[in-house]
Amino acid sequence: MEYHPLPQPDQIETRVKEDAMGAYFMMFATAALGLPLPIINLVAAIIYYYVNREKGRFVQFHTLQSLYSQIPVSLLNSGLVAWTIVNFVKDLNFTGFYWGYLIMVATADLVYFIFSIIGAVKARKGVFYYFLFFGKLAYHQVYRIRPERAQSTLRNRPPGQ
Amino acid sequence: MQRTILRDLLILLGVFGLIWLVFSLFSYPDDPQLISKQKEEQLGDSYVELILLNPMFEKLDNSVVDSALLVIGGRLEDALPDSEYHYDFVVFESEMINAFTVPGGNILISSALIAFCDTPEELAAVMAHEMGHVEKQHVMSRLIKELGIEILTSRDQFVLGEIAGMLSSTSFDRKQEEEADLFAAQLLERAAIEPRTLATVFRKLEKETDWDLLEDFEIVSTHPNLSSRIRESLHYKPAADFQAERIDLDWEGVKAALL
């Protein structure tokens, strides 16, 4: 599989670097807003991605990496909130399983936070920073050279052709 | 590339799954184990001493009753070989039908409760229920939650007296009662005593018209109500090869010794 060449820091405009950095900070704000239900922050993250995708692959990569890494973190947080509410409402025990989950979610949040800060700083410098799994996934998605669509698949043509 | 992406995903899932698993095995703050068993036993002994000083809980010294309790308690304890507690069953003279748990495996039983039971198995069922509160650490967790460790471990005689007073009418929440009921059924089954005997005790308590006599009895003072507990108890399914063995006691003789 072939990939587009990566731009070097001095080839990237400052504006683009700032937009790429914004992707990480934007996710923090929306993550806090959408804590009980991940819908709000995920929708906001997707909108941010679509608005900025035209600004080039560098922004697209960082936005997508941030978006992808936010999905599991949001789901884990929502799971924790739901589990806590159910425990309170049904007067259930806070078992070791629950506390283990809580610590796991807290670790995930912390790791997400630290990696996002590093990602933002690197993006501002015009450097690529790959998160485990999400980084490669975003790179694969954004920089993969897709085969050109054949002319015959075009559906809209001028009249008479 | 796809293979390394998949490998990374597996690493992530493995690491976080492991974190969850490892931290699930720890003990957490509301775990009453914050007080050692040894300390719990010491506290329990001082509470029992103080409770028995109260004229309402005068200890009954009767060798017939004591040996009957040793037989029943021994049978239940034998079915609980992994228990960290050494149980001590103490009978006190009272017209009130009552039994309650004091930390450290001390279970206090009123003479009226013994008289109320028609068979030793019925008393065994109540004792097994109380042992459930001990094993599940309901008393300790309740005391820690309500009073905090500092007060609980206080050496002040007044504070100790107040805690002792609280213990004789402790009530548990619904979940704890259900846990103790289930524990009792399982323990009775292991001890070759009909596990649904608890339903008989509940039915008789429900029929008891003089509610003043039951005022302090935790079994009846808390939710869920008795009829739903009778239903739960009757739902219990012993193993297919379960065979009940009678507790070999002259129960009428034991009851006569109370008079």
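Biologist: What is the mean pLDDT of chain A, and what share of its residues reach 70 or more?

Modeller: The term pLDDT denotes the predictor's confidence in each residue, on a scale from 0 to 100. For chain A the mean is 84, and 88% of the residues reach 70 or more. This is a predicted model, in which local features need pLDDT of at least 70 and side-chain atom pairs count only at pLDDT 80 or more, while totals for chains, interfaces and linings use all residues. Residues are numbered from 1 along each chain as its sequence is written, and chains are lettered from A and ligands numbered from 1 in the order in which they are written.

Biologist: Where in chain A is confidence lowest, and where is it highest?

Modeller: The elements concerned are DSSP runs, numbered from the N terminus: helices (H or I, at least four residues) and strands (E, at least two). Confidence in chain A is lowest in helix H2(A) (residues 39–52), with a mean of 80, and highest in H4(A), at 91.

Biologist: How many residues does each chain bring to the contact between them?

Modeller: Two residues are in contact if their C-beta atoms, placed from the backbone, lie within 7 Å. Chain A supplies 17 residues and chain B 18 residues. On the side of chain A that touches chain B, the elements giving two or more residues are helix H4 (96–124) and helix H5 (134–143) of chain A. H4(A) gives the most, with 9 residues. By class, this side of chain A has 11 nonpolar, 4 polar and 2 charged residues; here Ala, Val, Leu, Ile, Met, Phe, Trp, Tyr, Cys and Pro count as nonpolar, Asp, Glu, Lys and Arg as charged, and the others, Gly among them, as polar.

Biologist: Is H5(A) mostly covered or uncovered?

Modeller: A residue is buried if 20 or more other C-beta atoms lie within 10 Å of its own, exposed if 12 or fewer, and partly exposed in between, with C-beta atoms placed from the backbone. By this criterion H5(A) is mostly covered, as 7 of its 10 residues are buried. Among them are Phe134(A), Leu137(A), Tyr139(A) and Val142(A). The buried residues of H5(A) pack against helix H3 (57–89) of chain A together with helix H1 (2–24) of chain B.

Biologist: What is the value of phi for Phe133(A)?

Modeller: Most residues other than glycine have a negative phi. Phe133(A) is not a glycine, yet its phi is positive, at about 65°. This residue lies in the loop between H4 and H5 of chain A, and it counts as buried because it has 21 C-beta neighbours inside 10 Å. In chain B, Gln137(B) also has a positive phi, near 55°, and is a residue other than glycine. Gln137(B) is found in the loop between H5 and helix H6 (138–152) of chain B and is partly exposed, with 17 other C-beta atoms within 10 Å.

Biologist: In what order do the strands of the open sheet in chain B run?

Modeller: Strands of a sheet pair through backbone hydrogen bonds, either parallel or antiparallel. In the present analysis, two strands pair if DSSP finds at least two bridges between them. The sheet has 4 strands in the order E1-E2-E4-E3 (chain B), with mixed pairing. Strand E1 (58–59) and strand E3 (99–102) of chain B are the edge strands, each pairing on one side only. E3(B) pairs with strand E4 (residues 106–110) of chain B in the antiparallel sense, over 4 bridges. Within this pair, Phe100(B) has Leu108(B) as its bridge partner, and Ala99(B) stands opposite Ile109(B). The two strands form a hairpin with 3 residues between them, and Gly104(B) in the turn has a positive phi of about 85°.

Biologist: Which residues of E3(B) are buried on its two faces?

Modeller: In a regular strand the side chains alternate between the two faces of the sheet. Ala99(B) and Thr101(B) lie on one side of E3(B), Phe100(B) and Val102(B) on the other, and all are buried.

Biologist: Which residues have the most contacts inside the largest nonpolar core?

Modeller: A nonpolar core is a set of buried Ala, Val, Leu, Ile, Met, Phe, Trp, Tyr and Cys residues joined through C-beta atoms within 7 Å. The largest has 55 residues, and those with the most contacts inside it include Leu113(B), Met127(B) and Ala184(B). H5(B) gives the most to this core, with 8 residues. Apart from it lies another core, of 29 residues, among them Met21(A), Met104(A), Tyr112(A) and Tyr139(A).
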